[in-house]
Amino acid sequence: MAKLIFVFLTLIPILCNSFTPEKTSDRRILVLLDDFAVKSSHSLFFKSLQSRGFDLDFKLADDPKIALQRYGQYLYDALVLFSPTIERFGGSIDAAAILDFVDSGHDLIVAADNNASDLIREIATECGVDFDEDTSAVVVDHSGYAVSATEGDHTLIASDDFIKSDVILGSKKIEAPVLFQGIGHSLNPSNSLVLKVLSASPTAFSANPKSKLTSPPSLLGSSISLVSVIQARNNARILISGSLSVFSNRFFNSGVQKAGSPTKHDKSGNEQFFTELSKWVLHERGHLKAVNVQHHKVGETNEPSIYRINDDLEYSVEIYEWSGKSWEPYVADDVQVQFYMMSPYVLKTLSNDKKGRFFTSFKVPDVYGVFQFKVEYDRLGYTSLSLSKQIPVRPFRHNEYERFIPAAYPYYGAAFSMMAGFFVFSAVHLYNK
Amino acid sequence: MATILAKFLLLLFTISICNAVTIPTPISDSHRSAALQLFHGSSSSLEETYEALRVFEILALENKPDVSSATCQNVVENLGSSSSLKDLFYALKVNGILKCKVDRAVFQGTASRLKATVNDASTLVDIYYTIGSLVLIKDQAPNVDVLLADADGTFHSIKALSQSDGRWRYSSDNPESSTYAAGLALEALAGVISLASSEIDQSRVNTVKSDILKLFDSIQKYGTDDGTFYFDEKFGGGREHQGSLSTTSSVVRGVTSFAAVTSGKIDLPGDKVLGLAKFFLGIGVPGSAKDFFNQVESLALLESKRVPIPLVLSLPATVYSLSKKDQLKVTVNTVLGSAAPPLTVKLVRAFHTDAKGSAVIEGKELQYDQSSGLHVLSVFPDNVDVGTYVFVFEIVLHDSGSENDYAIGGQIRVPIYVTGIVKVSNAEIAVLDSDLGSDETQKTLDLAGTDVVSLSANHLQKLRFSFQLTTPHGRAFKPRQVLLKLRHETKYEHIFVVRNTGKKFEIILDFLGLVDKFYYLSGRYDFELTVGDAVMENSFLRPLGHLELDLPEAPEKAARLPPLPVDPYSRYGPKAEIGHLFRAPEKRPPQNVSLAFLILTLLPFIGFLVGLLRLGVNFKNFPSSAVPATYAILFQLGVAAVLLLYVLFWLKLDLFTTLKALGFLGAFLLFVGHRILSHLGSTSAKLKSA
């Protein structure tokens, strides 16, 4: 019995651990489905997650037993909502619970679809993504559709307008267009965190394919986003897709030929696109950490408690990127450091040694006060780094000024010659007879 | 009610993702390649091995992985030992396909063991495995005695679990009834009939048949006129939930095996059998092995002549191009893709989706092409223009006697898209001063080309743009998407729908009424025309040119331009470097000038010394006695020391050290100064008085 309790006690920290990039194995993802048929029809996507070490927990979205947290601890590291028609989740989950889940730094993948429920729309709106308000509207593209012998209504789109970011979509170029069939959304212009990953072509529009177009469609052209991502300020990442079928085996395996293009690809870009995108969303790429911030005067090694104006100093920081398995040195030429007091006095790009160390040197400005070394690294697709270190800067001491100024020699000369004259005069005046 | 609705939506959704094509196509090569991927490698259990082997058998795959030796060993081990009923059952099933070398004695032993437990088995699942195993032994070792002595009793004990609605319970102490269990029970009953040593009472068999019909009454269907049927399990606690696929395939397995052993006919409605086939085909290619097995095996059973064989009408394409002169092709196959019996496909009717009343084609037989196995409508009649149509097909079997052997369904409606190249002509663009318009600014555009126009207008003028669209057959064409887009320099876009009157599409932009909408933004507007339709092969997006618009100043209350989306690439780039501008050092003269002035400042001192020498100074007043002389020397040394201290203050000392030293020196100097001065004073006083 005692042994049992001991085993249980040693298990507690393992059971209670939540998401950290340091912990690769056994990361748990809750997958909420409308129907278990999705598990089979979208198995390639799920398999790619499982093969990368994720532990998927499939549940029906209206299962009354589902819960995201127990005793204040989150049970999962990420949530996949493949339940576009769900009106109310089972158990204790609702839109607020999902947003809390994201607010605590966990990742979320949401797939909407034709007749997406208000609940899914609400979650998307909270993330800065507005799906077309017309519930019967789908994205139609009469010029950028995927050529198909059996789909004549041009709702099956072949889109190749990807975000230009290696960190989000991987360094390997996606050659084949991505097949998409579903609803479009627009991004809230006041939300600076949401990014369009897959955009529709300029000829696309969002409307009900069965009715006539009498008023301008609310969503049109390349402002329609098909797939978007959000990186919250706490580095939680969210993927929102206007279609569930883009993740399906049928789309993964299907060939694709974009209308007007002579090349026919044997396999659509969906598998590569969504595998790479899911790597980004689940923090297997683009997650940075900064360690070992150092600064000192040139020629010294210890960090001073104060700098004097016009000192030459060296600043260095080590930045690593999470590769899914280990921390790899981050290589970039746009990391910048600011020497900051109310506004940056010095802003300098750091050089790097390709081993993760970024360094530079500069002269302390001739303004004294309390400064900060600031690294605000905010790049497309990367988690943002925000480092700051406070350091005061003092003026010269009284004895640190220049003492023998040649320009002043005439004044000294005059003073000392007068003093010598005084000595001579005093002697002459006293003892002359 | 809400949950039923939700489930209905959910099912609709399922079919929409699994089956975007309205007509399911039979099993094809994509299934075969998927099967090789799914059932690749070793299976952990005999059940999975059986599923893999059975799929390979049904799909007649050539290059399947060879696992027979290892699996046979596993089979023999399971048959010999007293393994669980389930393992035994699947071991026999695997053996049925692989035909391993198993001793007759082993079969004999297993059979007698099973027979002994038949009557003890309490749950339906146990009975199912026991009976199933015995039937398999009967097939594999014909001379082993497997016949049940008390078949009637076993039959009765299974039948006792049946419910009034055709469903079954898993065991007598479990009140919950299940459709999945019905499939198991029917299969077990079929086994009992084939194992019976004496004929089972026909009336009992007939009650089971009526049970089957009742079960088919509870069949569910998708949508309204889709014609897809399936069985679903009601949600129940306790047992593991079976999906609709496994439930339906269990029923199909049970019904077909029961139909195989009974002599009389079961009057299964053909449309429901066809509906089941559509359900299985509608799933597409499942991603999990279990689903794949259920789908393929059920389809194979439906084709096994025990129930009406469903025939599936499918079209390789539903989009036909008039410009390419495509032929309408129809194939009729069994669900597994094998050839259908001789038949004719009739095109009953075809009508435009907008004009349901008037048919464009009526009562036409498609020609059968022997070599390709396709039924072909060689040319579309002239009255078929571009547009969306619904074609209604019907299958007519040549051998009218075999009608009951096949489930062909009634009329099959297929949406067909007929596409073609639409002619764009007579494009004109003009800036008008009034509604009547002056033709001076009117410009014609060739919309097929790339030429652009540049126009200018003010807020009192109007822009008129018009063009015509005609179909290949010369009729007016109304595409769904005719949009004119004006984009201001600020990237703000205005969209207008171009409406048509007859053949002509025309839009008049009255800028006076639009100034508010344009946010009083003058400047260059680029305009683009988008014309697109599902049946238009030459849908286009074409820049038309630009318009210099001169709008009045915005009044104070006018709405402001809403925020535009920011380009994400610009938001994230590195910032420009900032360097601190240091205070410039003060300007100083060159060193030579300073030295020259130093020398100049020393000149008066030298002049002073020269003057003193010229005057002929002497030191005759220096005290001659020892004590005053000492004071005089000390006094002069003190003055020199003070002056030296000043020099040192300049060279290295700080103020505090200097003042300290000066204090001591000052006191000393005061003392000796007083002494020598008073001495000199008294000397000169004596001199005067003398």
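## A salt bridge in chain B

B:Arg487 is partly exposed, with a relative accessible area of 22%, and in this predicted model the residue forms a salt bridge with B:Glu493, the closest N and O atoms being 3.2 Å apart. In general, side chains of opposite charge can pair when their charged atoms come close.

## Salt bridges in chain A

When the whole structure is searched, 33 salt bridges are found over all chains. Some of them share partners, and in this way A:Lys297, A:Arg308, A:Asp311, A:Arg394, A:Arg397 and A:Glu400 are joined into one network.

Another salt bridge brings together the side chains of A:Lys267 and A:Glu271, with a distance of 2.3 Å from N to O. A:Lys267 counts as partly exposed because its relative accessibility is 38%, and A:Glu271, at 24% relative accessibility, also counts as partly exposed. A further pair is A:Glu276 and A:Lys279, whose closest N and O atoms are 3.7 Å apart. These two residues are three residues apart in helix α8 of chain A, so about one helical turn separates them. A:Glu276 counts as buried at 15% relative accessibility, because the cut-off for buried is under 20%, whereas A:Lys279, at 23%, counts as partly exposed.

## A buried histidine in chain A

Where in chain A does A:His283 lie? The residue is found in the loop between α8 (270–281) and β17 (287–297) of chain A, and with a relative accessible area of 1% it is buried.

The side chain of A:His283 takes part in polar interactions with two other residues, described here in turn. One is a polar contact with the side chain of A:Asp107, at 3.2 Å, and the other reaches the backbone oxygen of A:Asn235, at 3.0 Å.

## Domains of chain A

The domain assignment divides chain A into domain 1 (15–281), domain 2 (287–398) and domain 3 (402–431). If the centres are taken over C-alpha atoms, domain 2 of chain A and domain 3 of chain A are separated by 52 Å.

## Nonpolar cores

The largest nonpolar core holds 100 residues, and of these B:Ile158, B:Trp168, B:Phe258 and B:Phe292 touch the most other members. Helix α9 of chain B, which covers residues 179–195, gives the most to this core, contributing twelve residues. There is also a second, separate core of 82 residues, and its members include A:Val80, A:Ala146, A:Ala176 and A:Tyr307.

## An open sheet in chain B

Five strands of chain B form an open sheet, in which the order is β16-β15-β18-β22-β21 and the pairing is antiparallel. Which strands lie at the edges of this sheet? They are β16 (443–445) and β21 (499–501) of chain B, each of which pairs on one side only. On average, and with direction ignored, neighbouring strands of the sheet are turned by 25 degrees against each other.

Within this sheet, strand β15 (residues 423–432) of chain B pairs with strand β18 (residues 462–470) of chain B in the antiparallel sense, over eight bridges. One position can be followed in the structure above: B:Lys423 has B:Thr470 in β18(B) as its bridge partner.

Notes: Residues are numbered from 1 along each chain as its sequence is written. Chains are lettered from A and ligands numbered from 1 in the order in which they are written. This is a predicted model: local features need pLDDT of at least 70, side-chain atom pairs count only at pLDDT 80 or more; totals for chains, interfaces and linings use all residues. Side-chain values use heavy atoms; hydrogens and water are left out. Two strands pair if DSSP finds at least two bridges between them. Helices (H or I, at least four residues) and strands (E, at least two) are DSSP runs, numbered from the N terminus. Axes are lines fitted to C-alpha atoms, for helices over the stretch in contact, and angles run from 0 to 180 degrees between N-to-C directions. A nonpolar core is a set of buried Ala, Val, Leu, Ile, Met, Phe, Trp, Tyr and Cys residues joined through side-chain atoms within 4.5 Å. Buried means under 20% relative accessible area, exposed over 50%, partly exposed in between (1.4 Å probe, protein chains only). A polar contact is a pair of N or O atoms within 3.5 Å; within protein, one must be able to donate a hydrogen and the other to accept it, and residues adjacent in sequence count only if both atoms are side-chain atoms. Domain bounds come from an automatic or database domain assignment. A salt bridge is a side-chain nitrogen of Lys or Arg within 4 Å of a carboxyl oxygen of Asp or Glu.
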